[in-house]
Amino acid sequence: MPHDHHHSPRDFRPDNDTPLTYWQQMEIAVRELLIEKGVTTPGEITAQIDKMDARSPALGAEIVARAWTDPEYKQRLLENGSAAAEEMGAILDAVKLVVVENTESVHNVIVCTLCSCYPRNIIGLPPDWYKTRAYRSRTVKEPRKVLGEFGLDLPDSVQVRVHDSTADMRYLVLPAQPEGTEGWSAEQLAGLVTRDSMIGVAVPKPA
Amino acid sequence: MSLPDVKPPTFPPPYPAGAPRFLPGAVVQVKKGPAPGHIRTPWYLRGKTGRIERICGAFGNPEELAYGRPGGTMPLYRVRFTMEEVWGDGTERSDDTIDAEIFEHWLEAANAT
């Protein structure tokens, strides 16, 4: 049977036929040594990868929704983000979380110009664009244009605060609760909170 | 010089801060120039003047930790800068701000004028 259907180049990720990079070789060498010396096992490594993959923005959304419905929790979250996130079942390890609040007059957006620091324990792995040089270099210089490209056009009455995650802190944006959702339950509200709204490149919209 | 408004936090740092030299609201200048090694002070902020937004706590100095030296801890601050201060004229909006974490040894006291 002839191979008669057509694949566009977009259907495939290219095969990784290129030689390993220096750091890929280094990773494999160190991993194999650690296993050989009994420091860790392949099972433990897979379990850790599963743990990282299992993190998702859902936990962050629950934290935001609780802050919208519980003013005392919101205060604790702004004062000590890590302790308040742990109250909601997050496992922070050594992550020091700073929560920044959007208001009628302030919009916050997170970037890491030096690398790709991101609150993984709260909202999972970062999207690929967060790690690009374009996002990292442009967000500190022309944030309004970058946000516009995400579909978020901010009025002049709103000040933009960019947070460059340069050292030990990790950041989560506490978006403003959308109008028209007063009286909603925390569960309903959590459904409105997207990953991008917790990075600050979007705002939650009422369903 | 263009300085941002800073409303100091109403709560203490959640992590031990040692004996920080600067308080929220203080005007500080980031030291200029190049430095070798694993630096967490972005180039685009070197020489720029801003205000301490908050004291984060005291943390290990990355310039020591990166080379396996114990180093010890040092106060870490969030410093707020205006877009105008960082990028000059022609920014999208001069009073939009950038907050970044800067370790104490990179900061010098500056005047608000």
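Modeller: The largest nonpolar core holds 62 residues, and those with the most contacts inside it are Val64(A), Leu172(A), Leu174(A), Tyr77(B) and Ile102(B). A nonpolar core here is a set of buried Ala, Val, Leu, Ile, Met, Phe, Trp, Tyr and Cys residues joined through C-beta atoms within 7 Å; buried means 20 or more other C-beta atoms within 10 Å of the residue's own, with C-beta atoms placed from the backbone. This is a predicted model, in which local features need pLDDT of at least 70 and side-chain atom pairs pLDDT 80 or more, while totals for chains, interfaces and linings use all residues. Residues are numbered from 1 along each chain as its sequence is written, with chains lettered from A and ligands numbered from 1 in the order written.

Helix H3 (residues 57-69) of chain A gives the largest share of this core, six residues. Helices (H or I, at least four residues) and strands (E, at least two) are DSSP runs, numbered from the N terminus. Beyond four places in sequence, Leu174(A) touches Val64(A), Ala67(A), Leu77(A), Val99(A), Val100(A), Glu101(A) and Asn102(A), contact meaning backbone-placed C-beta atoms within 7 Å.

Between the chains, the contact takes 22 residues from chain A and 20 residues from chain B. On the chain B side, strand S4 (97-103) supplies the largest share, six residues. Strand S3 (residues 159-164) of chain A pairs with S4(B) in the parallel sense over four bridges; pairing requires at least two DSSP bridges. There, His163(A) stands opposite Asp99(B).

How values were computed. Two residues are in contact if their C-beta atoms, placed from the backbone, lie within 7 Å. A residue is buried if 20 or more other C-beta atoms lie within 10 Å of its own, exposed if 12 or fewer, and partly exposed in between; C-beta atoms are placed from the backbone.
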